[in-house]
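The sequence and structure are shown first.

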Amino acid sequence: PRPPRTFTIVGFELFQMWTTIYRPSSRILLFENALKVMFQKNPLQDRPCQNFELTFYKESPHPYNIKGIAAKRSPLSEAFYQIMGQEPLKELENDWDNIVSPESMFGHSTLIHQILTEAIRQMDEVKCYFYGCSWAVVNNIWYSSILDDWGRYDSFGISYNIRARLQGQGDVHPLPRAPNTLIQFYDREKKVFMNYGPNRFPAVVLNYNKHKEVAKDMTNKAHDLLDKYMD
């Protein structure tokens, strides 16, 4: 039997099996928790694609950055030390870069399957099953060189592109956890969340429910749309 583990880790295991039913070229958008997700447009609209792609999304600033974690000023620090080890974290200690979030991945099924398979393997190897382990393992994969040789066999020689989008710059926007920071991305008049830059808004927002006013607005907007299309 599998050991007790967090909801997110169980999700990794289920998603890893789920990706096997898709073709390698299928594009998938994964979320840890659909209750925190709001769609503003269709993120899966067809667009030209010359290779396999996978996009991670980065978190909001401190304590969700490498420096804060390495200095043990984050609730995620214990998991990062267990997964990554002391020496790799020391090497990254002066890196203020934000960490990659496990709450969403967007890309082709062949790459997502490989990421999840490797993530589960690493957590099992060190028996890391508590809060923060899913965060630590995707960052270990991202910041190490593991990705360098991935995809070449399962992708049948097709090239691939794996990247991490900064907060507010991609199709998926993981909103800041602090309500006073989150609200700066919210257009009250249009009732939409914006990305950085004028007249740009993401297809999907995560953590919109962290602000009571916004969550209420979004719920009312959803009810209005349902009423409109159900009539």
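## Overall fold

Residues 24 or more positions apart make up 76% of the chain's contacts with a separation of 6 or more, where contact means heavy atoms within 4.5 Å. The secondary structure consists of 8 helices and 9 strands; helices (H or I, at least four residues) and strands (E, at least two) are DSSP runs, numbered from the N terminus.

This is a predicted model: local features need pLDDT of at least 70, side-chain atom pairs count only at pLDDT 80 or more, and totals for chains, interfaces and linings use all residues. Residues are numbered from 1 along each chain as its sequence is written, and side-chain values use heavy atoms, with hydrogens and water left out.

## Burial and surface

Of the chain's 231 residues, 49% are buried, meaning under 20% relative accessible area (1.4 Å probe, protein chains only). The accessible surface is about 12400 Å², and carbon and sulfur atoms hold 53% of that; areas come from the Shrake-Rupley method with a 1.4 Å probe, and for residues only the protein chains shown count as cover.

## Nonpolar cores

A nonpolar core is a set of buried Ala, Val, Leu, Ile, Met, Phe, Trp, Tyr and Cys residues joined through side-chain atoms within 4.5 Å. The largest has 37 residues, and Phe12, Leu54, Phe56, Phe80, Ile99 and Met105 have the most contacts inside it. Helix α5 (residues 109-126) supplies the largest share of this core, 7 residues.

Beyond four places in sequence, the contacts of Leu54 include Met105, Leu111, Ile115 and Ile162. A second, separate core has 11 residues, among them Leu182, Phe185, Tyr186 and Val205.

## Asn207

Asn207 lies in the loop between β9 (204-206) and α8 (212-230). Asn207 counts as buried because its relative accessibility is 0%. Leaving out residues up to four places away in sequence, Asn207 touches Lys36, Glu103, Leu175, Arg177 and Leu182.

Conventions. Buried means under 20% relative accessible area, exposed over 50%, partly exposed in between (1.4 Å probe, protein chains only).
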